[in-house]
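Keep the sequence and the 3D view side by side as you read.

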Amino acid sequence: MLTLALVAAVAGWRLRPWLVAPVLTVAFTAAWTVHAASTDDSGLWAVGAALVLVGTALGTTVVSGVAHLLRRRRG
């Protein structure tokens with residue numbers, strides 16, 4: 001998750017957060033879901049995928065938004 005936060009911060013610094021957050025959210029959730037679905041026999045990977053989707057969306061939006069605001073403030 002630290003790497004994802006770093007990517008979100010750098011991307012938010014250079015790009016608009018409304019672009020960064022959905023791209024990172026979908027990419028991370030898709031990768032997590034493929035791995036979880038292939039290793040889980042109970043079917044609870046779907047619940048986990050929904051939670052990862054929501055958490056990643058919130059986290060990447062906040063991190064990229066803060067980075068973007070800091071860049072705008074800096075000049």
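W13, V62, V66 and L70 together make a nonpolar surface patch of about 350 Å². Patches here are built from residues with over 30% relative accessible area and no salt bridge, joining like charges within 9 Å and nonpolar side chains (Val, Leu, Ile, Met, Phe, Trp, Tyr) within 5 Å. A salt bridge, in turn, is a side-chain nitrogen of Lys or Arg within 4 Å of a carboxyl oxygen of Asp or Glu. Accessible areas come from the Shrake-Rupley method with a 1.4 Å probe, and for residues only the protein chains shown count as cover.

Before going further, please note that this is a predicted model, in which local features need pLDDT of at least 70 and side-chain atom pairs count only at pLDDT 80 or more, while totals for chains, interfaces and linings use all residues. Residues are numbered from 1 along each chain as its sequence is written, and side-chain values use heavy atoms, leaving out hydrogens and water.

Which helix gives the most to the nonpolar patch? That is helix 3 (residues 45–74), with 3 residues. Helices (H or I, at least four residues) and strands (E, at least two) are DSSP runs, numbered from the N terminus. L70 lies in helix 3 and counts as partly exposed, at 48% relative accessibility. For these labels, buried means under 20% relative accessible area, exposed means over 50%, and partly exposed is in between (1.4 Å probe, protein chains only).

A46 is also in helix 3, and with 41% relative accessibility A46 counts as partly exposed. Its C-alpha atom is 7.7 Å from that of T33, although A46 and T33 are 13 residues apart along the chain. An unreviewed UniProt entry annotates residues 46–70 as "transmembrane region"; UniProt positions follow the numbering used here, feature names are shortened, and annotations may be inferred rather than shown by experiment. In the model, residues 46–70 are 100% helix and 0% strand, and their end C-alpha atoms lie 36 Å apart.

Now turn to helix 1 (residues 2–14), whose 13 residues should span 18 Å at 1.5 Å a residue; the end C-alpha atoms are 19 Å apart, which agrees. The expected span is 1.5 Å times one less than the number of residues. Which residues of helix 1 are buried? They are L4, A8, A11 and G12. Seen down the axis of helix 1, its buried residues fall within an arc of 100°, so they line one face of the helix. That arc is taken from the directions from the helix axis to the C-beta atoms. The face turned away from this buried side carries the exposed residues L2, T3, L6 and R14.

A9, another residue in helix 1, is partly exposed, with a relative accessible area of 26%.

H35 belongs to helix 2 (residues 17–39) and counts as exposed at 54% relative accessibility.

Stepping back, the protein has 3 helices and 0 strands. Buried residues make up 28% of its 75 residues, and the C-alpha trace spans about 50 × 15 × 15 Å along its principal axes.
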